[in-house]
Amino acid sequence: MTVNKPVYAIEGGNTPGPTELNDDHSQLMPNLLAYFVLFTYPLVVVILFRRLPLPQALVWSIMGGYLFLPERTGIDLPLLPAFNKLLIPSLMAAIMCFFAPKPPMRQRPGPSRQSQDNQPAEVATLAPARPSVIANLCIATLFIAPVGIALTNSDWVVFGPRVIPGLRIYDAFSMMLATGVMLLPFFLARRYLATPEAHMDLLKTFVKAGLVYSVLILIEIRFSPQLHRWFYGFHAHDFIQQIRFGGFRPMVFIQHGLRVGVFMLMVVIAAFTLYKIRAATRAPTGPRQRARDKDQKQVGLPIYIALYLLVILLIAKAVGAFMIACIFIPVLMLFKPTQWRTLGMISAVLVLLYPMARSSGVVPLERVYGIAAAISEDRAASFRFRLENEERLLIRASQKPVLGWGIWGRSRVYDPTNGRDISTTDGIWVIVFGVSGWVGYLAQFGLLTLPIFAYFFARGPLRHSIASQGLCLLLAANLIDLIPNSGLTPVSWMVAGALLGRFERREPERAIQPRGTETARRHPTANVASAARVSPRGHPTP
């Protein structure tokens, strides 16, 4: 069964209305293997949680489901969200996390308790969270806004023979469920990926998954995007859109080649971040440091792997993603982590205020069009087509700028005579803005950009952490790609949740270590490592 249920935060593409069929894919049905893989994936999640530590199992469960499960396949039951590749991995991971042993909580800073034999109290590994008020406000808005959207869109929309009914409270409930599905990876990552070790695991998982996907990308570049059809019986998207520059743009098992490009962009940034960690930890000053460096080689990543992944991104023919990489990679290589924050901050502000800048004409669209024309006339024509559609959709959205038009295709533009849909939605920002107005847009993108703002103003270990600041750049690059495309995925929400979770559980800038204790005498290097993390001189830490 294919999924036709409307969702609150639509992820892109031409979403059909309640009486409209998707002509491109209605004749293509998933085969039995597609359903078998989809509904046996919970067993894979169980195995991952039994074999791997919880943070690694969580990351592999969500990322593996996004990368390898079939598109446009699932079961849509009444009153429930569709059981597809967006829900099943996150839901099963949530169940496994719920039954997993809870990590011990670290005591808040204060007078240390000591036992009768003058031993310091045992310190656990997870600090108590200090929830962000802004994040909780954005989350509450995303769940409450559907009620207002439904109440302000009870009127019918009529375009010639096309009639779209008004929204009901039932539709508001459906939007809330869709919001919960969308945010589930965020909630899980916020809770369980909030440590420096989890951030390192997240970067490593990106690179490992990217290396596996690079082989599949090379296969599809040679034989055209066929893997999804070979395994699951149908193409996930229009094949003609994947023909670029005299070759093919790979799709593998993701909905569109552009989303493959943005995933590989995130992989490349993760790879160069791990290389910077390797370079930062390989500065031997003596025999003891050289001995430690022998083990630290496994922490980072050789430069040739990062360059190989960059070449894969180039030949994947995702021009926008590669152009973003050309901006972000030099910043990663030439500047310190404390200086990466500026690029992330600029990206976050641009994405958050883009609808306003786009409506007021501040964005230099003609200059961007000239750059596209210099690259390819086809790319320039595609860019012009996107601008024209964005203009139509913005005019439509400006009629209800506060809470938007709601779901069922009410925010789209139709021919007034024959009712034909004449709008094409590419950027996720214009989709969210049309569906839920400024309220929904600021809540959703405010939640996505909040970790970047938080790490920009953070002090202490967070400010100098290479892994966390690299994840901020990775998220910022994904957000920039959301302006022309719709690559907002569970992986994106997982990265945002992991960043916010560590910020909310951040350590104090200085940790008071007991001196002269038996523990300090037995483990003299423990205090050295702890002091390195909170060094007032600002040395970077993984």
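Which handedness does the crossing of α2 and α3 have? The crossing of α2 and α3 is right-handed, a term used if the near helix is turned clockwise from the far one by less than a right angle, with left-handed used if anticlockwise. This is a predicted model, in which local features need pLDDT of at least 70, side-chain atom pairs count only at pLDDT 80 or more, and totals for chains, interfaces and linings use all residues. Residues are numbered from 1 along each chain as its sequence is written, and side-chain values use heavy atoms, with hydrogens and water left out. Helices (H or I, at least four residues) and strands (E, at least two) are DSSP runs, numbered from the N terminus.

**Helix packing: α2 and α3**

- The axes of α2 and helix α3 (residues 88-99) cross at roughly 165° and come within 9 Å; axes are lines fitted to C-alpha atoms, for helices over the stretch in contact, and angles run from 0 to 180 degrees between N-to-C directions.
- α2 and α3 are therefore roughly antiparallel to each other (angles over 145 degrees; under 35 counts as roughly parallel, 65 to 115 as roughly perpendicular and the rest as oblique).
- From α2, Leu 54, Leu 58, Ser 61, Ile 62 and Gly 65 meet Pro 89, Ser 90, Ala 93 and Cys 97 of α3, where contact means heavy atoms within 4.5 Å.
- The contact of α2 with α3 divides into six nonpolar, three polar and no charged residues; Ala, Val, Leu, Ile, Met, Phe, Trp, Tyr, Cys and Pro count as nonpolar, Asp, Glu, Lys and Arg as charged, and the others, Gly among them, as polar.

**Helix packing: α10 and α11**

- Helix α10 (residues 303-315) packs against helix α11 (residues 319-334) at an angle of about 160°, with the axes 10 Å apart.
- That angle makes α10 roughly antiparallel to α11.
- The α10 and α11 crossing is left-handed.
- In this contact, α10 supplies Ile 303, Leu 310, Leu 313 and Leu 314, while α11 supplies Ala 321, Phe 322, Ala 325 and Met 333.
- By class, the contact of α10 with α11 holds eight nonpolar, no polar and no charged residues.

**Aromatic pairs**

- The structure holds 18 aromatic pairs; rings of Phe, Tyr and Trp (its six-membered ring) pair if their centres lie within 6.5 Å, and planes under 30 degrees apart count as stacked, over 60 as edge-to-face and the rest as tilted.
- One of them is the edge-to-face pair of Phe 68 and Tyr 213, at 5.6 Å centre to centre and 80° between the planes.
- Phe 68 lies in helix α2 (residues 54-68) and Tyr 213 in helix α6 (residues 196-223), so this pair ties together parts that are 145 residues apart in sequence.
- Phe 68 is partly exposed, with a relative accessible area of 32%, whereas Tyr 213 is buried at 0% (buried means under 20% relative accessible area, exposed over 50%, partly exposed in between, with a 1.4 Å probe and protein chains only).
- Phe 433 and Tyr 441 also form an edge-to-face pair, at 6.3 Å centre to centre and 85° between the planes, and both Phe 433 and Tyr 441 are buried.
- Phe 68 and Tyr 213 belong to one aromatic cluster with Phe 206, Phe 231, Tyr 232, Phe 253 and Phe 263.

**Buried residues**

- Met 264 lies in helix α8 (residues 257-281) and is buried at 0% relative accessibility.
- Not counting residues up to four places away in sequence, Met 264 touches Gly 210, Ile 217, Leu 309, Ile 312 and Leu 313.
- Asn 153 lies in the loop between α4 (133-151) and β1 (157-159) and is buried, with a relative accessible area of 0%.
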